[in-house]
Amino acid sequence: MHKIVQHGSKSLIESRIKRKSLLSKIVTDVNQLLPHFQNGHYVSMGGFAGTGYPKVVPIALADHVEKNGLQGKLKMNLFVGASVGPETEDRWAMLDMIDKRYPHQNGHHIRDGINNGRIRFADQHLSIFASDLLAGYYTLDKPHGSKRTMDIAIIEATEITEDGCIVPGASVGITPEILQMADKVIIEINTSLPSFKGLHDMVKIALPPLAKPYQITRVDDRIGLEAFPVDPEKIIGIVESQLPDNTSVGAPEDETSAAIANNIVQFFVHEIEQGRFPKNLLPIQSGIGSIANAVIGGLSKGPFDNLSVWTEVIQDTFLDFFDNGKLKFASATSLRFSPPGFNRLFNNWDNYKSKIVLRNQAISNSAELISRVGCIALNTPVEVDIYGHVNSTNTMGSKMLNGLGGSGEFLRNSRISIVHTPSTRPTKTDPHGISCIVPFASHIDHTEHDIDIIVTEQGLADIRGLAPYERAKVIIQNCAHPIYKPILMEYLETSRQICFKKHMGHEPHQLDKAFKFYTHLSEKGTMKIDKW
């Protein structure tokens, strides 16, 4: 049985460094490392979806900025596989320590900085980000040093092996890539965790024209390394950490998420009956959040056995799935459990360890592999329009939430792509003030060509093989909230009549009215319009 070592316990760092020549790299005063960080530096961190990220050094750097009044004077260009904990990047944003940030983030302050123009941000498909980073696309305007390197990489590890290779913790993300391209490397060894050795399968990514097919045909195939090499000359410090990942307990399943999950389970049953799915389905991919968690919970209670998962992030309900014997194996790039979930993992480590593998995000999110294993993709969007276009990132067309993440890679390349959302969301004045089914999405991340199934608590729209008008009718009838169904249907039919007269009726819109839901929301606090 593995137990979390409490913060403040006796140092265990030397026992985790198997290569004894690296013991001289141990730094007991983290402040000694801070002069390595200079304004305008290109800094990368390990971590993905708020787990497995470095904490001691980023927190110390933030303390240094705050104590010495350096807000806005010591700014970094920050590159992480996805998001990290709020005590790191979100605090950096609050202290005006971030100039550029790619490709996904999470936190109130960093989101405000992006939407106020203070932080330069762009999201990107996560597997492509890893290879583009290696190719130097994100360092083209780097004013100093090599334009193909990061100045500093900070990673969290749970062990350094005898040959000096790095064993990450609860996530991989872009750790292999940033170890290759960083000029300097700082390693935080988290001794409050067990060594995760044996859980990872990491690959050194080759860029074209040297790229080769990944030899994976099943979710439990392994093609890489349990620990990733790093040039010891790059290591400027090894720091002990006993800080936990800053995760929280997810929102409990509610009536809406339970209904969505039930609609999806019934669809899967139907597909099995029709012979389009095997009895154990196809490998499941699930996004992050309370709805995704509820859907996985619903599947774990459904009439399915011997299932497999190919996804980015494994959340708490996957543990129930393992425990009831219905989930055979899961491949991901991150374990994002709540604190009770992590304790559950560690207390049953030997049981779970044999059923999970963590990979580079370049592998977990690879279009090639998603297509080959035949994933069933399940993701939660901001909104869906009547023709099946999906917005996953920008509310009101302009306000960035977190970023595209891996939704594009999975929805475009999976065997079946499913988006699930409540039919409405509340505003301050109206419990159904926002319709998640809209005439024309205010921002489009995933086109009509990439989406097969749309699900709300109202029902399920199977839009495979349908023409635009047919799609619109089934989406409105099956997925829109009853309050908005007649409003949307009126828009559709009127648009069709007008556009047919102009011989432009393939996917009819009224551009002078297509965004009226949003203007009415801005002015009245609700999308419930009285008339078009």
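**Figure 1. The loop between β9 and β10, with P209.** In this predicted model, P209 sits in the loop that joins β9 (200–201) to β10 (235–241). The peptide bond leading from P208 into P209 is cis. Its omega is near 10°. Most peptide bonds are trans.

**Figure 2. The loop between β3 and α4, with P103.** A cis bond is also found here, from Y102 to P103. Omega is near -10° for this bond. P103 belongs to the loop between β3 and α4. In residue numbers, β3 spans 98–102 and α4 spans 108–115.

Figure 3. α3 covers residues 86–94. Seven of its nine residues are buried, so the helix is largely enclosed by the rest of the structure. The buried residues are E87, T88, E89, D90, R91, W92 and A93.

**Figure 4. T88 within α3.** T88 is a residue of helix α3. Is T88 buried or exposed? T88 is buried, because its relative accessible area is 0%, under the 20% cut-off. Beyond its neighbours within four places in sequence, T88 is in contact with Y53, P54, K55, P58 and I59.

Figure 5. The loop between α3 and β3 holds D96. D96 follows just after the helix and takes a positive phi of about 55°. D96 is a residue other than glycine. Most residues other than glycine have a negative phi.

**Figure 6. G40 and its partners.** G40 lies in the loop between α1 (13–16) and β1 (42–45). G40 is partly exposed, at 22% relative accessible area. Which residues does G40 contact, leaving aside its neighbours within four places in sequence? They are K75, N77 and H144. In sequence, G40 and N77 are 37 residues apart. In space, their C-alpha atoms are 6.5 Å apart.

**Figure 7. Helix α7 along its length.** α7 runs over residues 255–273, 19 residues in total. From first C-alpha to last, the helix reaches 27 Å, close to the 27 Å expected at 1.5 Å a residue. At the start of α7, a side-chain oxygen of D254 comes to within 3.2 Å of the backbone nitrogen of T256. Just after α7, G275 has a positive phi of about 80°.

**Figure 8. The buried residues of α7.** S257, I260, A261, N263, I264, V265, F267, F268 and E271 are buried. An α-helix has 3.6 residues a turn, so residues three or four places apart point the same way. The buried residues of α7 pack against the helix α8 (290–300). They also pack against the strands β11 (284–286), β17 (376–379), β22 (416–420), β26 (453–456) and β27 (459–462).

**Figure 9. L281, between α7 and β11.** L281 is placed in the loop between α7 and β11. What is the phi of L281? Phi is positive, about 60°, although L281 is not a glycine. L281 is buried, with a relative accessible area of 2%.

Figure 10. S414 counts as buried because its relative accessibility is 11%, under the 20% cut-off. The S414 side chain reaches the backbone oxygen of F410 at 2.7 Å. Not counting residues up to four places away in sequence, S414 touches I370, C375 and A377.

**Figure 11. The second largest pocket.** The volume of this pocket is about 430 Å³. Its lining has 20 residues. Nearest the pocket centre lie I205, A206, A211, K212 and Y214. Both α5 (126–135) and α13 (367–373) supply at least two lining residues. Which element gives the most to the lining? α5 does, with three residues. By type, the lining divides into 13 nonpolar, four polar and three charged residues.

Methods. Residues are numbered from 1 along each chain as its sequence is written. This is a predicted model: local features need pLDDT of at least 70, side-chain atom pairs count only at pLDDT 80 or more; totals for chains, interfaces and linings use all residues. Side-chain values use heavy atoms; hydrogens and water are left out. Helices (H or I, at least four residues) and strands (E, at least two) are DSSP runs, numbered from the N terminus. The expected span of a helix is 1.5 Å times one less than its number of residues. Buried means under 20% relative accessible area, exposed over 50%, partly exposed in between (1.4 Å probe, protein chains only). Contact means heavy atoms within 4.5 Å. A polar contact is a pair of N or O atoms within 3.5 Å; within protein, one must be able to donate a hydrogen and the other to accept it, and residues adjacent in sequence count only if both atoms are side-chain atoms. On a 1 Å grid over the protein atoms alone, a cavity is a set of points where a 1.4 Å probe fits but cannot get out, and a pocket is an open set with protein on both sides within 12 Å along at least five of seven lines; lining residues have an atom within 4 Å of a point. Grid points are joined across faces, edges and corners, and a volume is the space filled by probe spheres set on the points. Ala, Val, Leu, Ile, Met, Phe, Trp, Tyr, Cys and Pro count as nonpolar, Asp, Glu, Lys and Arg as charged, and the others, Gly among them, as polar.
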